[in-house]
Amino acid sequence: MKKIYLGLAVTAATFFLAACGSTNKEAAKQNDKVSGELTVVTNRTDADKLYAQMEKDFKKKYPEITAIKWESAGTDYDQYIANRMNTKDYGDVVFVPFSMAGKPQDYSKYFEALGTTKAMEKDYLDVTEADYDGKVYGLPTVLNSLGLVYNEAVFKKAGIDKLPQSTEELIADAKIIKEKTGAIAFYTNYQRLAVWAGALSSYGGENFKKEMVTNKSAFKKGQPMRAVMDMIYELAKAGLIEKDPVTLETQQAQQQLADGKIAMLMSGSQDVAPIQKLSKDTINIMPFPHLLAGKTSLALGAPSVIGINKNSNNKVAAKAFLDFFIDPASGHAKDMGGMTPVKAKLDASEQKAIKENNVILTAPATDPAIEAKYSAIANEVGVGRLTDVLQKTVNIALYPDQNESYQEYVASLEKKWEAAAKAHE
């Protein structure tokens with residue numbers, strides 16, 4: 001296993017890689033077998049053991065693979081790989097930079113098309129992370145779900161045997177948990193409230209941005225941002241969150257959830273296994289307490305997307321490795337606490353979750369024009385950073401004598417949104 005850690009000095013890296021690019025020009029012949037050497041560029045610097053096992057298993061499956069060179073750039077990966085992509089030498093298999101989502105028309109300049117969107121969505125989940133003009137240029141390395149991570153023992157001690165499916169049920173359960181167990185019912189994660197942005201599609205559907213722009217309304221009761229605000233406000237107002245939301249940081253909160261001192265916190269499935277290791281209780285994740293078309297939502301997102309360098313001279317082997325990487329057999333999905341995007345390889349519990357819930361993407365594809373209008377309006381209103389909105393919501397609930405009322409706050413936001421949306425017609 002060859003491994004190189006990169007990305008600490010972008011300028012130096014660019015110089016180095018430009019030099020490497022000249023070497024590849026000499027080897028222009030395309031290898032048509034799964035053989036030879038591969039270079040894999042990822043954004044993980046914490047996976048040496050996993051990658052070593054993955055390489056061993058891949059070579060066992062394809063004995064003619066001679067070596068895999070792993071290059072990992074954990075610090076500002078997007079900037080690092082963007083600099084490398086000024087050359088043709090940026091690996092054979094590459095984590096696609098998310099920053100390219102703003103210019104999807106450029107995918108074809110750098111990455112090999114893996115198939116048409118229409119054909120690939122039959123076999124894979126979430127094929128639109130890196131697609132353009134009906135073609136897919138990258139697939140999720142894994143899919144993590146977003147929801148409420150909870151301690152099952154605390155729920156059992158409180159006598160709760162059914163997970164909440166509405167804000168009202170969540171508030172009622174939280175009150176019972178506080179009364180019967182003494183645990184903090186809900187950790188707000190005050191410093192990282194921005195993660196709730198990934199929940200908005202579970203509350204408003206994948207077209208919520210278009211609806212908020214075209215309807216010129218965003219803060220009436222029931223709309224996604226307002227629904228999250230209402231839930232946070234009611235929890236804080238009723239004393240069901242931590243007493244000091246400013247100083248209790250995430251790792252401390254996760255330990256307290258493991259110890260049964262906190263019942264719930266909002267996070268991704270990737271955090272379940274690490275918290276489980278800290279706990280004697282069963283740690284699990286539930287969908288957000290909200291129904292769309294009669295079902296809760298399985299909110300899925302890809303922490304990284306993998307593609308093939310268009311300039312690679314070893315595309316057949318690169319495709320075989322990409323397929324192996326996203327397969328459960330590679331161990332990557334398990335290591336990340338998520339599920340494979342390969343539909344045929346989902347296990348029974350994953351298939352059950354998909355059947356019983358709406359599958360919703362945390363970052364659904366949006367028309368670029370709508371995305372631009374939404375961002376412009378949100379920034380003008382001052383809600384472009386959801387953290388700011390939800391922190392103020394918590395503050396209003398905890399310190400009502402020092403703030404405007406919650407009703408005044410949401411009314412002022414709605415008025416500003418309506419005005420900004422009209423200005424961007």
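Which domains does the domain assignment of the protein chain give? The assignment gives domain 1 (36-143 + 302-361) and domain 2 (146-299), with bounds that come from an automatic or database domain assignment. This is a predicted model, in which local features need pLDDT of at least 70 and side-chain atom pairs count only at pLDDT 80 or more, while totals for chains, interfaces and linings use all residues. Residues are numbered from 1 along each chain as its sequence is written, and side-chain values use heavy atoms, with hydrogens and water left out.

The C-alpha centres of domain 1 and domain 2 are 30 Å apart. Their contact (heavy atoms within 4.5 Å) takes 13 residues from domain 1 and 12 residues from domain 2.

The pockets come next. On a 1 Å grid over the protein atoms alone, where a 1.4 Å probe is fitted, a pocket is an open set of points with protein on both sides within 12 Å along at least five of seven lines, and lining residues have an atom within 4 Å of a point. A volume is the space filled by probe spheres set on the points, which are joined across faces, edges and corners.

The largest pocket has a volume of about 1,400 Å³. Its lining has 49 residues, and Glu-129, Lys-209, Thr-362, Ala-363 and Pro-364 lie nearest its centre. Elements that give two or more residues to this lining include strand E8 (144-151), strand E12 (297-301) and helix H16 (368-381); helices (H or I, at least four residues) and strands (E, at least two) are DSSP runs numbered from the N terminus. H16 gives the most, with seven residues. Because domain 1 and domain 2 both give residues to the lining, the largest pocket lies between them.

The second largest pocket holds about 940 Å³ of space. Of its 38 lining residues, Ile-285, Met-339, Ser-349, Glu-350 and Ala-353 lie nearest the centre. Among the elements that give two or more residues to this lining are E8, E12 and helix H15 (348-356), and the largest share, five residues, comes from H15. Both domains give residues to this lining as well, so the second largest pocket also lies between them.

The axes of helix H17 (residues 386-398) and helix H18 (residues 406-423) come within 10 Å and cross at roughly 155°; axes are lines fitted to C-alpha atoms, for helices over the stretch in contact, and angles run from 0 to 180 degrees between N-to-C directions. H17 is therefore roughly antiparallel to H18, a term for angles over 145 degrees. Val-389, Lys-392, Thr-393 and Ile-396 of H17 make the contact with Tyr-406, Tyr-409 and Leu-413 of H18.

Technical notes: Angles under 35 degrees count as roughly parallel, over 145 as roughly antiparallel, 65 to 115 as roughly perpendicular and the rest as oblique.
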